[in-house]
Amino acid sequence: MLEKVTEVWNLTEEYSLEALVEKIEGTFSLQQDEEYKKHVTWYDTYDWRLYEQGYVCLATGSSWSLYSRDSGVLVKQVKGVPQKKAVFASAFVGTDLTTIFTKLLEVRALLPLQTAQYTLVTHRVLNKDEKTVVRFIVEQYAFEGTEEVRQLAYLMPVRGYRDEYQAVRQALAPFPSQSSCPLLIGLEAAAATTGRHPGDYSSKFNLSLDPDQVARSAVTSIYTQLAETMRVNVPGVIADLDSEFLHDLRVAIRRTRSGLTLIKKVLPEEVVARFKAEFKKLGSVTGPVRDLDVYLLSEEKYRKRLPACLQPGLTTFFTTLQQERQRQQKLLARELKSGRVESLLVTWEKHLQQEDKEPAQYADNPIVDVARKVIYRRYKRVMKDGQVITPGCPDEKLHELRIEGKKLRYAMEFFRSLFPKEEIETAIKQLKTLQNNLGDFNDLSVQREMLLHTLEKLKPGSRKNQEMAAALGGLMASLAHEQQMVRTGFEEIFRAFSHPDNVGLYNRLFKG
Amino acid sequence: MSIIAVYNIKGGVGKTATSVNLSYLSARDGARTLLCDLDPQGSASYYFRIRSPKKYNTNKLLKGGKHVEDNIRGTDYIGLDLLPADFSYRNIDIALDDLKKAEQRLAKVLQPLLGEYDRIFLDCPPNLTLLAENIFYAADTILVPTIPTTLSVLSLKQLYKFLDKIGQKKKKALVFFSMVERRKKMHSDIMDSMAHNKGVLSSFIPYLADVERMGIYRQPVTAALPASPAAAAYAALWQDIQNQLE
C-alpha cells in the first residue's frame, strides 16, 4: 500500500462483484489481479503495548511484520522467529525488530490474539481503453474458531481519474463505511472475535468518578474495577505467559487491601474485616512466585555486579532459583485453578452490589469529601514519618515510610479523577520520586536478606556450593554498597518533597 | 532526484521504448517516477493507454504549476505517473520563442515536481531546436539511444557540438546502442570501435520483435513479458545507467 487509505467499506452478505460492476455509472470492466493469501496471527502484549505505541504486529509462519497502526504502512519485517504462545523481545535478538521490541515490550510477552485466513484481491477497474482508472481492493478475514468472515473493501485512486473514482465510490455507497485504515479494522475485528478490543487493558488504575457521587457507590466502582483486574489476570498467571500477569494481579490485591484500610466507615465494618482477611490470604498465596520473579528478572543486573571468576556460582544460584520458581508456580497455578479466587471475587462483588442493611457512617457522604480526608490524613503521616528520619536512624524507619507513601499513592490514584488533572498529576509525580528512592532501598534490603537466608541454608562441602557462597557474598557486598548510596540520596529527595511549594500544593488540593 | 532525458536528433531509434521501459523499471524499484511525454505524436502516452486531457495543451505545459499537476495521470503501475503529450506540442518552439529566458522554461516547470518524484524521465521529440535546448538545460543526464550506423555516429557528433555551443557539458550525454543487429557487420564494427569511448555504455538493446509488439499490447515489455530477452536487455541497461549515475 502506497497511499493512506481512509475510507473502508464493510461488505455485507448482499455484496456481489457482478452487481457492483453493474451499479458503476459509465462503461467500465473489471480485471482481477492475482489473489494473495496468507495465514496471519495478530500479536500484542496483554496490555496492548504495540497498539498503544501506534503499531500492529502480524505473524505468518516464522515471518513477522510490524505495521504502522494508523497508516497501514509496513515498518519492519523479519524472518526466522518461530511463533509461540508467548514470545519475548529476546526471541528477536539479531533481527531488525530487536531494538523496537526491547524498548516497547520490556518484560511483557507478545501473545497470539487471533488467527485468520487472509485473502487480498485487487480488481482493476478499466475504462474503454482498458486503462486502469481505479483499484478496488477486497480483503477478507476468515477468523479461526468462529464462523465469522469479515470482508473489507477500499479504493486506491489512480491520479487524474477522479470522476471514475467517484463513480465506483457511489456504487459502494449502500455498504456501511468506516473512516479508518483497513489494517486497524482487521485488528479490531480479530480482537472482537475473542471478546476483546484494542486498548481494553492497562495496568494503570484509571477510573472516572463524579465528585457528587456518594462514597458508597464510588468505592463500589473502585473495588469492582480492581476485582475485574484480578479476574482477567488469573488465566495469564496460570498459563505463566509473562511475569506481569502475576504482578498486576498482586497490585490489584494490594490496592484493594489498601482501600479497605484507608477508606473507613463507607462499607459495613464486618464486610471490611472479612475481605481484608480474604485478600490478605490471596496476597500471601501469590507472594513466593513474585519474589522469585524479581530476582530472576534482575539476573543480568546481578551478573554485571560480579567479576568473571564469581559468575559460575551465580549460574548455580539462578538455576536453583529457577527450579524453586517452577515448584512454586505449580502450587500457585493449582490454587488459582481451584476456583477459590473466582468464588471470592463473586462473593465480594455481591457484597459490593447489594444494599447494606446498616449503612456505614460515611456511606452517603460525597466521595470528594471522603477522598480529601483520606488523602490528607495519609499525607500528614508521610510528612511526619519523613521528618524524623536521620542519617543514623534504623532502616526500619525508611521501610515504614515507604509503606505510608504507598498508601498515600494508592489513595491519590483511586481519586485522581476528582481533582484538577494537572495538579493531582504533579502531586503524584512528586510522591513517585520519593517512592522510587524508598522502593530501591527496600528492594536492596529484601534482596540482601534473601541472599543471606540462602547462604545460611547452604550445606558446606560441595564445590558448587562453595562457588555459590562466594558469588552470594560478592553480591551482598555490592548490594550493601548501593543501598548505602540510595540512603544517602534520601535526604535530598525528601527535602524536595517537603519543599514549601509542594506542601502548598498538597494543602490546596486536599486540606478540608 | 534526477531528470533523465531520452533524446536523439534522429527519429525511430527506440527513444519511446527506452523511456517507457526504463521509467517502468525505475518505479518498480521503488522510486516515485514521472514520465513526461514531450513528443507530439504521444507514443509513450499511447503505450500506457492514457489520452491527453481535453483542456491540456502547450500553453498549460509552459505555464507549469497546477496546470501541469492537474494533468498528470497515474499509469497502471504503482509509483509511475505520466504527463501525457498533446498534439499542440508540435508548435512548442513557437510558444517558447515568445518567452523570457526561453531556454530555461522547461527546467522551471519541472523543478517543483522534483518534490513529488524521485525521478523524471523526458521522452523527447527528434530535433535540435529551442525545445532541445530546454531539455538539455533541464536534464541531469541525456540518454542517447543510437543505432550503430555511420549516419547515427555523425548525428552524435552534431549533438556534442550543439551541447558545446549552448554551454552544456558533453559528459551529460550517455550513449547506448539501440536496435542492434549483431549479424550486421557495420553494427558490430561501429560498436567495437566505440566500445571504449567515454560516455558510451556497454549494455545495448538488440533489435527484437517483442519491443516492436509493445504497440499491440500497449504495456512496457518489461511489465508484459518480464522473462523475455527484451526485458532482460532493458534491465541490464537500467543497471548500467544507475551505476553510471552513482
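**Reading the interface and the cavities**

Student: How many residue pairs are in polar contact across the interface of chain A and chain B?

Tutor: A polar contact is a pair of N or O atoms within 3.5 Å; within protein, one must be able to donate a hydrogen and the other to accept it, and residues adjacent in sequence count only if both atoms are side-chain atoms. Here the rule finds twelve such residue pairs across the interface of chains A and B, both residues at pLDDT 80 or more. The side of chain A that touches chain B has four nonpolar, two polar and six charged residues. Nonpolar means Ala, Val, Leu, Ile, Met, Phe, Trp, Tyr, Cys and Pro; charged means Asp, Glu, Lys and Arg; the others, Gly among them, are polar.

This is a predicted model: local features need pLDDT of at least 70, side-chain atom pairs count only at pLDDT 80 or more, and totals for chains, interfaces and linings use all residues. Residues are numbered from 1 along each chain as its sequence is written, chains are lettered from A and ligands numbered from 1 in the order written, and side-chain values use heavy atoms, without hydrogens and water.

Student: Which salt bridges cross the interface of chain A and chain B?

Tutor: A salt bridge puts a side-chain nitrogen of Lys or Arg within 4 Å of a carboxyl oxygen of Asp or Glu. The rule finds five across this interface. One of them joins B:Asp76 to A:Lys131, closest N and O atoms 3.0 Å apart. B:Glu116 also pairs with A:Arg159, at 2.4 Å. That pair runs from the loop between α6 (105-110) and β5 (119-123) of chain B to the loop between β9 (149-157) and α4 (162-172) of chain A.

Student: How many residues of chain A are in contact with chain B?

Tutor: Contact means heavy atoms within 4.5 Å. Twelve residues of chain A touch 16 of chain B.

Student: What is the volume of the largest cavity?

Tutor: About 50 Å³. Its lining has nine nonpolar residues, no polar ones and one charged. Among the lining residues are A:Trp42, A:Asp44 and A:Leu187.

Notes. 1 Å grid on protein atoms, 1.4 Å probe; cavity = no way out; pocket = protein on both sides within 12 Å on 5 of 7 lines; lining within 4 Å. Points joined across faces, edges and corners; volume = space filled by probe spheres on them. Helix = DSSP H or I, 4+ residues; strand = E, 2+ residues; numbered from the N terminus.
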